[in-house]
Amino acid sequence: MTHDLSGRWADQRAGYARWLAARACTDCWRAEQQADTASRAEWLAAKRAEEQAAAAAWADQFDMPPLEGPETILDWGERTRHQLVTGAYTALVTEGTWDEADWAQLEEQIRLVTRAGWWIDQRDAEGADLPELLDAAGDRDRPTENPFR
């Protein structure tokens with residue numbers, strides 16, 4: 001692409017020309033951004049599918065109840081619950097001072113919170129904060145008090 005540098009001051013032309021030479025032209029830049037967007041979307045879809053499979057396997061393994069809420073957020077809620085609970089186990093049991101009996105009590109509280117939106121709201125929380133967060137969960141987050149459904 002050709003650029004007219006006559007509108008620049010003489011002492012600015014060389015620096016501007018050097019800067020232009022290091023950049024892709026507008027059309028090339030747009031094509032690159034569109035390609036990046038497509039590859040980023042493919043990568044993200046694959047990552048989400050992998051996370052969803054891991055969350056579903058985890059929920060089956062530990063007999064977690066299905067989440068409730070709008071269909072559009074259920075998968076997100078399941079992934080978030082999985083990430084937060086496994087992070088909590090690592091922080092409290094693996095690296096912390098809790099034993100398996102303490103964790104079993106917390107796990108029963110985890111099973112009671114079935115609102116997907118609650119789990120999504122806690123997505124930025126640290127795993128070690130999960131006991132406190134579960135204590136603060138309201139009745140609308142726990143539609144049943146029966147851990148055995």
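**Figure 1. Helices H2 and H3 cross in the predicted model.** H2 covers residues 26–61, and H3 covers residues 71–94. Their axes come within 9 Å. The crossing angle is roughly 65°. Angles of 65 to 115 degrees count as roughly perpendicular, and the two helices are therefore roughly perpendicular to each other. H2 passes H3 in a left-handed crossing.

**Figure 2. Residues of H2 meet residues of H3.** On the H2 side stand Arg48, Glu51, Gln52, Ala54, Ala55, Trp58 and Ala59. On the H3 side they meet Asp75, Glu78, Arg79, Arg81, His82, Gln83, Val85 and Thr86. By class, this contact has six charged, five nonpolar and four polar residues.

**Figure 3. The protein has six helices.** It has zero strands. From the N terminus on, the elements run α-α-α-α-α-α. H2 and H3, the pair shown in the views above, belong to this series.

**Figure 4. The C-alpha atoms fill a box of roughly 80 × 35 × 25 Å.** The box is taken along the principal axes. The protein has a radius of gyration of 25 Å. A compact globule of 149 residues would have one near 15 Å.

Figure 5. Of the 149 residues of the protein, 27% count as buried.

Technical notes: Residues numbered from 1 in each chain as written. Predicted model: local features only at pLDDT ≥ 70, side-chain atom pairs only at ≥ 80, totals over all residues. Heavy atoms only, no water. Axes fitted to C-alpha atoms, helices over the stretch in contact; angles between N-to-C directions. Helix = DSSP H or I, 4+ residues; strand = E, 2+ residues; numbered from the N terminus. Parallel < 35°, antiparallel > 145°, perpendicular 65-115°, else oblique. Left-handed = near helix turned anticlockwise from the far one by under 90°. Contact = heavy atoms within 4.5 Å. Nonpolar A, V, L, I, M, F, W, Y, C, P; charged D, E, K, R; others polar. Rg over C-alpha atoms; globule rule 2.2 N^0.38 Å. Buried < 20%, exposed > 50% of the residue type's maximum accessible area, 1.4 Å probe, protein only.
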